[in-house]
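Keep the structure open beside you as you read.

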Amino acid sequence: MTEHVKHGCKAIALAVSAATLIPINAVNAAGNWSGFAENATYYRDEVGLSKFRNTVQFEFQNDIASETFRSLQVNAIIRATYDGVYDLNDDEFGEDVSYDYLGADWHDNDIASQVILTPGVPVPCENDPAQCSALDGYMDEDSDEIRFPDFNDELDFVRELYVTADLQLAGDDVLSMRLGKQQVVWGKTDLFRVLDVINPVDYSRHNIYDELEDIRIPQWMFTADWRMGPNKVFDDSNLQLVWNFDEFRPSNLGTCGQSYRILDAGCFFTSSVSSDYLNAVLGSMGMPALYSANVPIIHDVQDPDWEIANTQVGLKWEGVLGDVTFSLNALHYRQQLPSLHFRALAPGAPIPAGDGVFDIEFPRVNLLGGSVDYYSMAMDAVWRLELAYTEGEELPRDTDGHRETEMARYVIGFDKNQVIPALGTNSAFLISAQVFGEHILDHVEDMPNEEDNWIATFLFKGFYVNNRLSPQIIVAHDFGGKATAIAPSVSYIVNNNWLVNFGANVKLGGDETFPWAVAGGQSVYEPLSRFTNGPIGVANNEDEIQLTVRYSF
């Protein structure tokens, strides 16, 4: 690992230097350094320690003298993380855990579905080489990789490493370019993404609840912004090109055995179908037994190889007109969530092949969308609207594995700062409300996802003691999953270096079942009710208290 990291760092430095034609020794070694050290300790009800994450992050920025560019700068963020929960609470998390049945972390034993499916294999690369091989690098981290998630073959400890250059064009126009490992953010929503889909997301860090800035997976990209400024129509305008030339990476949903695995997908992907059940089905059809062993849920992950044709490209035009800021967005990318493709024992057979039920694929997707932010002077508030239409996405089905469908997603948001003297402070409270909507245009009855679903969020945040003490509460409700998350917290800035945050995260719901054809049409939990319950409902047994201490330097 050490030699691999050393060679990786050298390769990155040389690549950036060569791409910008800047010799390495032209960069001032002193630069502008900052960073922080942080401990996040979470305690889960009836489980014990669920996170003991220790993080050190360094941020570097340095200007470079240039006669060609108006501004030239190198930026880097390096992050190292160690989560000690897998050493301190190995009875609950890690390679030595055992589960009584699939979904044991979020629902009671459902006998009908447990007769069909075996429990998931925790940390499969430590416990089941066959499952590890089938996942083929997707959600198959070993013990070291879940302890030290930033240190992997993709060198994720390099959170950002890019060069920016501004080139003066005719008139007041400026061409701003950025090359390197980075995050590109479209849209302004929290928790659930509409336009912000360029970077995949690492949900294994803390489900949907961490800041997106911390859980986006940085990609090697080139961006170019043509800043055109005001004209006869618009007060400001900008055209952005994004080329993601990195090797495709899906979102990380969390390996079975990790303390956070969204939708419990990691354990579903490492479970198997009982050979006894499959042979019983054959017997009911008057056929002899054919299965000599349990059949793994996943046969293979069809991860596209790197080639120019597999890179991803996007275009955004944004402008300002009076009190309205807007954007038009287009993106050609790959679906970052897995699509399950059923593998029949024989053409047209309703039973799976003996070496795996599904292949995982990541189809190509085209997105068209836009956003509008309107500042209402009368209300002294901002209204936000984001829209996204996609074609090519694939969603799970009960009887046919998957279905390609067009999707429409939107968010309506409202943000306002309001002074409330009755609450004992002259500082304004932040009030933010959002409604996320999703519509499946080609919906069919055997999809676990509702044709229309909404998730509402509400944030109320106050400031006391010269804005050093900040209590807040966040509430999120999934209407389709009938599940709610409530997250109160209090943060206190002790001084310029120290910050302490104490909070809780409580979930309600997670009881929705789904008619599963494999179980004779019974409404059971496994496996598709994880989509019905959604990320909040499937985390219904993850009530926690949380303490985070950060030292900034």
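The second largest pocket has a volume of about 1000 Å³. Its lining is made up of 46 residues, and Glu141, Asn152, Glu154, Asp156 and Arg249 are the ones closest to its centre. The largest share, three residues, comes from β3. Sorted by class, the lining of this pocket has 22 charged, 16 nonpolar and eight polar residues.

Before going further, a few words on how to read all this. The model is predicted, so local features need pLDDT of at least 70 and side-chain atom pairs count only at pLDDT 80 or more, while totals for chains, interfaces and linings use all residues. Residues are numbered from 1 along each chain as its sequence is written, and side-chain values use heavy atoms, with hydrogens and water left out.

The terms used so far also have cut-offs. On a 1 Å grid over the protein atoms alone, a cavity is a set of points where a 1.4 Å probe fits but cannot get out; a pocket is an open set with protein on both sides within 12 Å along at least five of seven lines, and lining residues have an atom within 4 Å of a point. Grid points are joined across faces, edges and corners, and a volume is the space filled by probe spheres set on the points. Helices (H or I, at least four residues) and strands (E, at least two) are DSSP runs, numbered from the N terminus. Ala, Val, Leu, Ile, Met, Phe, Trp, Tyr, Cys and Pro count as nonpolar, Asp, Glu, Lys and Arg as charged, and the others, Gly among them, as polar.

The structure holds five cavities of 30 Å³ or more, and the largest cavity has a volume of about 1200 Å³. Lining the largest cavity are 46 residues, with Phe192, Leu337, Arg409, Glu438 and Asn449 nearest its centre. Among the elements that each supply at least two residues of this lining are β17 (402-419), β18 (428-440) and α10 (529-537); β16 gives the most, with five residues. By class, this lining has 27 nonpolar, twelve polar and seven charged residues.

The second largest cavity has a volume of about 70 Å³. Its lining includes Arg44, Asp105, Trp106 and Glu542, and its residues divide into five charged, three nonpolar and two polar.

Let's finish with the salt bridges. Side chains of opposite charge can pair when their charged atoms come close. Here a salt bridge is a side-chain nitrogen of Lys or Arg within 4 Å of a carboxyl oxygen of Asp or Glu, and the structure holds 25 of them. Aspartate 210 pairs with arginine 53, their closest N and O atoms being 3.3 Å apart. This pair links distant parts of the chain, 157 residues apart: aspartate 210 sits in the loop between β5 (174-182) and α7, and arginine 53 in strand β2. Both aspartate 210 and arginine 53 are buried (under 20% relative accessible area; exposed means over 50%, and partly exposed in between, with a 1.4 Å probe and protein chains only). Glu38, Arg53, Arg205, Asp210 and Arg550 are linked in a network of salt bridges.
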